Amino acid sequence: MKIDLHAHSTASDGTESPAELVAAAKAAGLTTLAITDHDTTAGWVEAVGAAIREGIELVRGIEISCSRNYRSIHLLGYLPDPDDPRLAIELARARDSRVNRMDRMVQRMADDGIPVTVEEVRAQLAPGATLGRPHLADALVASGVVPTRDEAFRDLLHDGSKYYVGHYAPDPVVAIELVRAAGGVPVLAHPFAMRTGTISDGMVEELADAGLAGLEAHHRDHEPADVARAVHLAQRHGLVVTGSSDYHGTGKLNRLGEFTTDPREWSRIVEQSHGVKVIKP
Ligand code: AMP
Ligand code: FE
Ligand code: FE
Ligand code: ZN
């Protein structure tokens with residue numbers, strides 16, 4: 001088995017449609033793929049159709065942008081019921097807040113003479129998709145301000161940039177409780193990646209007590225010491241260990257299947273879920 005539990009489509013900041021993502025996963029030799037767009041389940045229906053056509057196991061998931069003390073923390077939620085009202089309302093609130101936040105980032109850039117408009121950012125977005133900095137990056141690339149998405153982040157859009165504006169995001173404890181209440185299984189995405197807020201051992205313990213199910217240990221943004229630390233903390237708190245690509249199509253260097261999850265760890269996740277079912281080939 002080859003199990004990749006973290007990938008993005010055009011429903012958020014990936015560059016492939018949900019159907020293209022699923023086809024790419026099949027072509028990459030994966031047996032199991034999770035679609036985990038930022039703050040939305042909008043890609044699920046198309047992905048399910050593609051998974052049945054392609055004959056690949058599909059896990060419906062999300063990646064919730066959380067925040068504590070102005071630092072960003074990403075929480076993967078596997079197999080939650082998308083119609084759970086509390087979860088759906090929280091995701092909608094985060095997506096709405098991203099619209100105003102984008103207006104403010106574009107305004108700050110315009111005030112500084114960087115030529116970009118909200119319309120140009122919108123043009124980079126699939127209908128119904130979660131708006132994010134990557135779409136602003138793509139607009140800057142399209143108008144020739146920077147050559148690549150990566151350089152847009154490095155020079156203009158990183159968390160410490162003067163153009164950076166935050167958006168509403170729940171505390172991770174709230175998000176964990178919402179995912180669990182919707183029958184889903186919460187796993188902390190890339191907990192020790194430098195580009196988001198790396199978290200303390202004490203916070204892992206706090207989140208485990210709140211119902212966290214697992215840690216994404218094997219990930220491109222983790223150094224070997226980060227992986228060892230995640231595996232150690234998972235053992236200490238009885239958490240599942242996952243590994244995944246965090247594929248974004250051409251939007252990032254991450255390749256499908258570059259990190260994978262052990263089948264025994266994957267079955268521990270499925271056992272804990274009571275939201276939606278895994279789509280079987
Ligand atoms: P946002 O949620 O709108 O604040 O944007 C964060 C997203 O930007 C993350 O999900 C990443 O996938 C993406 N991102 C962060 N840094 C980079 C980078 N250097 N190149 C491409 N995408 C990035
Ligand atoms: Fe992303
Ligand atoms: Fe993430
Ligand atoms: Zn991700």
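Predicted model: local features only at pLDDT ≥ 70, side-chain atom pairs only at ≥ 80, totals over all residues.
View 1. Nine nonpolar, 21 polar and 16 charged residues make up the lining of the largest pocket. That lining comprises 46 residues. Nearest the pocket centre lie Arg-133, Pro-134, Phe-153, Arg-195 and Lys-252. The pocket has a volume of about 1200 Å³. Strands E3 (57–68) and E4 (71–78) each give two or more residues to the lining, as do helices H3, H5 and H6 (149–157).

**View 2. The site of the iron ion (ligand 2).** Three protein donors hold positions 2.1 to 2.2 Å from the iron ion (ligand 2). They are Asp-13 through OD, His-38 through NE2 and His-248 through NE2. Along the chain, these donors follow the spacing D-x24-H-x209-H. His-38 and His-248 link distant parts of the chain, 210 residues apart. His-38 sits in strand E2 (residues 32–38). His-248 sits in the loop between strand E7 (240–243) and helix H10 (263–272).

**View 3. The site of the iron ion (ligand 3).** Glu-63 (OE), His-74 (ND1) and His-190 (NE2) coordinate the iron ion (ligand 3). Their distances are 2.1 to 2.2 Å. The donor spacing along the chain reads E-x10-H-x115-H. Glu-63 belongs to strand E3 and His-74 to strand E4, so this pair ties together parts that are eleven residues apart in sequence.

**View 4. The two iron ions, ligand 2 and ligand 3.** A distance of 5.5 Å separates the iron ion (ligand 2) from the iron ion (ligand 3). On the ligand 3 side, Glu-63, His-74 and His-190 coordinate the ion.

**View 5. Helix H3 against helix H5.** Two packed helices are described by the angle between their axes and the distance between the axes. Here, the axes of H3 (residues 85–111) and H5 (residues 133–142) come within 11 Å. They cross at roughly 35 degrees. The crossing of H3 past H5 is right-handed. H3 makes the contact with Arg-101, Met-102, Met-105, Val-106 and Met-109. H5 contributes Arg-133, Leu-136 and Leu-140. By class, the contact has six nonpolar, no polar and two charged residues. Arg-133 of H5 takes part in this contact, and Arg-133 is also among the residues nearest the centre of the largest pocket.

Definitions and conventions
Residues numbered from 1 in each chain as written. Chains lettered and ligands numbered in written order. Heavy atoms only, no water. Axes fitted to C-alpha atoms, helices over the stretch in contact; angles between N-to-C directions. Helix = DSSP H or I, 4+ residues; strand = E, 2+ residues; numbered from the N terminus. Left-handed = near helix turned anticlockwise from the far one by under 90°. Contact = heavy atoms within 4.5 Å. Nonpolar A, V, L, I, M, F, W, Y, C, P; charged D, E, K, R; others polar. 1 Å grid on protein atoms, 1.4 Å probe; cavity = no way out; pocket = protein on both sides within 12 Å on 5 of 7 lines; lining within 4 Å. Points joined across faces, edges and corners; volume = space filled by probe spheres on them. Donors = N, O, S within 2.8 Å, 3.2 Å for Na, K, Ca; no water.
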